[in-house]
Amino acid sequence: WHYRNPSRSSQRAHEALQAAELYGTGRAEAWNNLGMAAFMRMEYAEAERCFEQAQRATSNQTELLVADVGRMKLCQRMARNKAFYDYRNRALQRLKRIEEEEQTPMTSHARSRLRFARSECYLTSATYYYYLQQQEDAREAMELLRHDAQLPADTGQWLYAAYLEGAAALMKPQE
């Protein structure tokens, strides 16, 4: 729904927010979905507010990671370079912490959210570096996507990864 119908995504996220009144992780997920929908509508101030609310709602590292990656996307769009690196470093620290705690059992939904967040982190990084013509960093982020996050299960992410792979191949130095 994020890609096809941001308005519908927002509607469902508002419903989830109401239903998750006392459930912090559920509230954070709803706020993150609202942030993504606002981002897709290019309502960047609203997206920033939603990601901030998500970070206030929970201590769940996966949802905090999703919010950090959402903020990375915002910074990339608004050319806030220093802030992009700040959020990227936070996201990478969260990934490391999640890996250290990986022995903790996760529901299939939590695993799916983590897989989405991890691949979105690397895709966002690769996009940022690609647009700045930092080919080596872009290739490194795509390599992390292939090996660490694995190719995304989300169709939109998969298509975007394929696009970046093709675009980055055009930028490879000629041998």
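Here are a few questions and answers on the aromatic rings and cysteines of this predicted model.

Q: How many aromatic pairs does the structure hold?
A: A ring pair comes down to two things, the distance of the centres and the angle of the planes. Going through the model, the count of aromatic pairs is eight.

Q: Is the pair of Tyr-130 and Tyr-131 stacked, tilted or edge-to-face?
A: The ring centres of Tyr-130 and Tyr-131 sit 5.5 Å apart, with the planes at 50°. Stacked would need planes under 30 degrees apart and edge-to-face over 60.

Q: Which helix holds both Tyr-160 and Tyr-163?
A: Their rings form a tilted pair, 5.6 Å centre to centre with 35° between the planes. The two are three residues apart, about one turn of the helix. Tyr-160 is partly exposed at 29%, and Tyr-163 is partly exposed too, at 42%. The helix, spanning residues 155-171, is H8.

Q: How many disulfides does the structure hold?
A: A disulfide is a covalent bond between the sulfur atoms of two cysteines. Cys-50 is buried at 1% relative accessibility, and Cys-75 is buried at 0%. The number of disulfides in the model is zero.

Note on methods
Residues numbered from 1 in each chain as written. Predicted model: local features only at pLDDT ≥ 70, side-chain atom pairs only at ≥ 80, totals over all residues. Heavy atoms only, no water. Phe/Tyr/Trp six-rings, centres within 6.5 Å; stacked < 30°, edge-to-face > 60°. Helix = DSSP H or I, 4+ residues; strand = E, 2+ residues; numbered from the N terminus. Buried < 20%, exposed > 50% of the residue type's maximum accessible area, 1.4 Å probe, protein only. Disulfide = S-S within 2.5 Å.
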